[in-house]
Amino acid sequence: IALAIFLKAPVVQPTLESSHIKMLECYVGNGEKQVITMSDSTTVILNSGSVLIYPENFGADEKEVYLTGEAIFDVTKDASHPFIVKTSDFSIKVLGTLFNVCSYPEADYSSATLKEGSISLSADGKEAWLQTLNYSRTTHKVSIEQADMDDAFGWKDGKLCFKSASIHQIIKSIERHYGVRVYLTTGKYDNEFVTAKFIYGESVDELFSALSLVIPGMRYTVENNAVYIR
């Protein structure tokens, strides 16, 4: 079963009502990833440029964490204590499953992709158990299709996958993935959209060399830890 949900992604600002519970904050810088094992043995893999806020020890009721960015959750099954992931766009409730959540504040959408199990997603005051669903911000319509597991989970293994991505979306992903700064000095590529997968650990130069073949007329230079697109 595969699930993909796409919504707009502002920054999550959690409200912590239980002040007696010690909350931990994990920030992962660009070019890095980090694995966290929580007190209930749930495993979280955080992608570059992500922030996760979570209790040092879960309480007796629901287990809530707050995510800005992207992470893969492998939730330990516990039927009496649901696990909840909150972003600014939606809340995901699970009993035990494997799924990816992507909610970067600068992106045009948020997404949740289910690999194993089932999840309940609540957004805009509505809640539903979902399997495979895409929400397009361009058409404002819901479509049902099979999610691409490489697109959603490939980053864990160093892959970069783009599906009809704009040059601005690609630049943000590259900056997070490689820990570099990319400067776009022209607007002539604003209407270019790219579908591509980089799965062999390509260097920054190799990646931009491939992109320059796909995007007509694109020129770039790599200087130290910066890339300039002209």
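A residue counts as buried here when its relative accessible area is under 20%, as exposed when that area is over 50%, and as partly exposed in between, using a 1.4 Å probe and protein chains only. His-177 has a relative accessibility of 18%, so it counts as buried. You'll find His-177 in helix α2 (residues 167-178); helices are DSSP runs of H or I with at least four residues, strands are runs of E with at least two, and both are numbered from the N terminus.

Before going further, a word on what you're looking at: this is a predicted model, where local features need pLDDT of at least 70 and side-chain atom pairs count only at pLDDT 80 or more, while totals for chains, interfaces and linings use all residues. Numbering starts from 1 along each chain as its sequence is written, and side-chain values use heavy atoms, with hydrogens and water left out.

So how confident is the predictor? pLDDT is its confidence in each residue, from 0 to 100. The protein has a mean pLDDT of 82, with 80% of its residues at 70 or more. Strand β4 has the highest confidence, at a mean of 97, and strand β1 (residues 3-7) the lowest, at 47. Over residues 1-11 the pLDDT is below 50, though the model gives this stretch 66 contacts beyond near neighbours in sequence; a contact means heavy atoms within 4.5 Å. Residues 125-132 also stay under 50, with 28 contacts beyond four places in sequence.

Now for the strands. Strands are said to pair if DSSP finds at least two bridges between them. Strand β4 (residues 43-46) runs antiparallel to β6 and is joined to it by 4 bridges, with Ile-45 partnered by Ile-72 of β6. Strand β5 (residues 50-55) is antiparallel to β6 too, over 3 bridges, and here Ile-53 stands opposite Tyr-66. With strand β7 (residues 83-86), β6 pairs in the parallel sense over 4 bridges; Val-65 has Val-85 of β7 as its bridge partner. Strand β9 (residues 98-103) is joined to β6 by 6 bridges and runs antiparallel to it, and Ala-71 is bridged to Val-101 in β9.

Back to helix α2 and His-177. Leaving aside neighbours within four places in sequence, His-177 contacts Gly-31, Lys-33, Ser-48, Gly-158, Lys-159 and Leu-160. Helix α2 also meets helix α3 (residues 204-214): their axes come within 12 Å and cross at roughly 165°. Angles over 145 degrees count as roughly antiparallel, under 35 as roughly parallel, 65 to 115 as roughly perpendicular, and the rest as oblique, so α2 and α3 are roughly antiparallel to each other. The axes are lines fitted to C-alpha atoms, for helices over the stretch in contact, with angles from 0 to 180 degrees between N-to-C directions. On the α2 side, Ile-170, Ile-174 and Tyr-178 meet Val-204, Leu-207, Phe-208 and Leu-211 of α3.

Last stop: Tyr-189, in the loop between β16 (181-184) and β17 (193-198). Is Tyr-189 buried or exposed? Its relative accessible area is 2%, so Tyr-189 is buried. Not counting residues up to four places away in sequence, Tyr-189 touches several residues, among them Ile-167, Leu-184, Pro-216 and Ile-229. Pro-216 is 27 residues from Tyr-189 along the chain, and their C-alpha atoms are separated by 8.7 Å.

Notes:
pLDDT is the predictor's confidence in each residue, from 0 to 100.
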